[in-house]
Amino acid sequence: MMIGAILTGGYGKRMQGFSQDIPKNLLELREGYTILDRQLRDFKMAGVNDVYMLTGYRGEMIESKIGNSWKGISIKYLKEDEPMGTLFSVRNLLSHVSEDVILRNGDTVCDLFIGDFIEFSISRGEAATVLAVRMRSPYGILGIKGGKVVWFKEKPFLNHYINAGTYFLKKRVREYVGMEYEGRDIENTLFRRLAERNELSAFKYKGLWISVDSLKDYEELRNIYSRRMDYEFGYEEFGDDSHIYHIIKNRKLRIKGSGAMRILRGKVLLNGKSVSGRVEIGGNDEIETENESVVELGRDVSLISPE
């Protein structure tokens with residue numbers, strides 16, 4: 001059994017130019033669908049059905065919004081009466097559970113399939129794993145030669161990785177959590193100690209990852225979700241004449257409508273037979289993905305989970 005946990009102490013008014021005084025994970029990606037909904041969906045896709053909310057400021061708003069369950073996920077709350085830091089939150093959580101834990105920051109949106117992160121972490125010998133993404137420069141980069149600019153790149157990805165705020169904590173991490181530290185945040189205490197003792201592995205991820213630290217970050221997410229819909233099997237991107245489904249591995253889906261399907265990436269079975277390129281499909285057809293796959297469908301065709 002795996003336990004999920006979300007650090008939910010951040011709040012929206014910290015973002016410059018944004019006035020709502022609410023936890024950041026209650027910000028809506030689109031009407032009726034919040035960052036927290038997205039994160040809980042990620043857990044559900046990976047079969048993690050018990051989640052702890054590690055709340056602080058405005059934690060009662062989260063409890064009022066979500067309650068004790070979300071689409072089959074059991075929700076429990078551990079609340080700080082005053083800010084104590086993330087190290088305290090982790091210590092408090094591990095005093096209530098005995099299982100391995102998937103811990104997430106509450107203000108990030110990421111297309112990582114958590115099941116892959118779990119498999120990688122379990123295969124490693126270290127006590128904990130951190131999700132790592134490449135750092136994007138906040139500024140344009142100049143190439144200068146002889147006093148002249150010879151090339152320009154607008155906010156490129158740099159050859160450095162940053163902490164993406166998702167962690168796998170094995171049971172034996174408790175011996176490190178209980179040690180004495182001077183700081184209050186897990187990054188400068190627990191994870192620094194784990195790294196010093198070769199007990200921290202990294203899972204490198206190249207897909208969508210956004211941390212909501214500013215109004216600009218939030219607007220970027222809102223723009224993405226103006227043409228996107230999430231499902232328990234992946235997500236759909238809308239185009240003018242077609243839509244593209246990004247589907248995680250080992251999923252069976254039914255086809256609604258008839259028309260053309262084009263396999264853009266991955267291995268897809270149509271009614272049990274491997275297909276590639278462009279194929280014709282009908283309303284009684286079923287597809288199955290053997291690995292992470294991307295398919296394009298005409299605007300009158302869609303995918304739905306089997307009943």
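The protein chain exposes about 15900 Å², of which carbon and sulfur atoms supply 46%; accessible areas come from the Shrake-Rupley method with a 1.4 Å probe, and for residues only the protein chains shown count as cover. The model is a predicted one, in which local features need pLDDT of at least 70 and side-chain atom pairs count only at pLDDT 80 or more, while totals for chains, interfaces and linings use all residues. Residues are numbered from 1 along each chain as its sequence is written, and side-chain values use heavy atoms, with hydrogens and water left out.

**Overall architecture**

The secondary structure of the protein chain comprises 7 helices and 25 strands; helices (H or I, at least four residues) and strands (E, at least two) are DSSP runs numbered from the N terminus. Along its principal axes, the C-alpha trace spans about 65 × 60 × 45 Å.

Of the 307 residues, 49% count as buried. Buried means under 20% relative accessible area, exposed over 50%, and partly exposed in between (1.4 Å probe, protein chains only). Among contacts (heavy atoms within 4.5 Å) between residues at least 6 apart in sequence, 68% join residues at least 24 apart. The mean positions of the 46 positive and 45 negative charges are 4 Å apart.

**Helices with a buried face**

In helix H2 (residues 59-66), the buried residues are Gly59, Ile62 and Ile66. Seen down the axis of H2, these residues fall within an arc of 55 degrees, so they line one face of the helix; the arc is that of the directions from the helix axis to the C-beta atoms. The cover over the buried residues of H2 includes helix H1 (35-45) and strands E4 (50-55), E5 (69-70) and E6 (73-79). Just after H2, Gly67 adopts a positive phi of about 75 degrees.

Helix H3 (residues 86-94) buries Thr86, Leu87, Ser89, Val90, Leu93 and Leu94. Viewed down the axis of H3, the buried residues lie within an arc of 160 degrees, so they line one face of the helix.

In helix H7 (residues 215-225), Asp217, Tyr218, Leu221, Ile224 and Tyr225 are buried. They cover an arc of only 120 degrees around the axis, which puts them on the same side of H7. Among the elements covering the buried residues of H7 are H1 and strands E2 (28-30), E3 (33-34), E8 (108-110), E14 (209-211) and E15 (228-231).

**Individual positions**

| Residue | Relative accessibility | Class |
|---|---|---|
| His96 | 47% | partly exposed |
| Glu119 | 47% | partly exposed |
| Asn198 | 66% | exposed |
| Asn250 | 53% | exposed |
| Asp285 | 16% | buried |

His96 lies in the loop between H3 and strand E7 (100-105). Leaving aside neighbours within four places in sequence, His96 is in contact with Tyr52 and Leu78. His96 and Tyr52 are 44 residues apart in sequence, and their C-alpha atoms are 10.0 Å apart in space.

Glu119 belongs to helix H4 (residues 114-123). Its C-alpha atom is separated by 18 Å from that of Gly165, 46 residues away along the chain.

Most residues other than glycine have a negative phi. Asn198, in the loop between helix H6 (190-196) and strand E13 (200-205), has a positive phi near 55 degrees. Asn250 likewise has a positive phi, near 60 degrees, and is located in the loop between strands E17 (242-247) and E18 (251-256).

Asp285 is placed in the loop between strands E22 (278-281) and E23 (286-289). Beyond its neighbours within four places in sequence, Asp285 is in contact with Leu253, Arg254, Ile255, Leu270 and Asn271. The C-alpha atoms of Asp285 and Pro306, 21 residues apart along the chain, are separated by 11 Å.

Technical notes. Lys, Arg positive; Asp, Glu negative; His and termini not counted. Charge placed at Lys NZ, Arg CZ, Asp CG, Glu CD.
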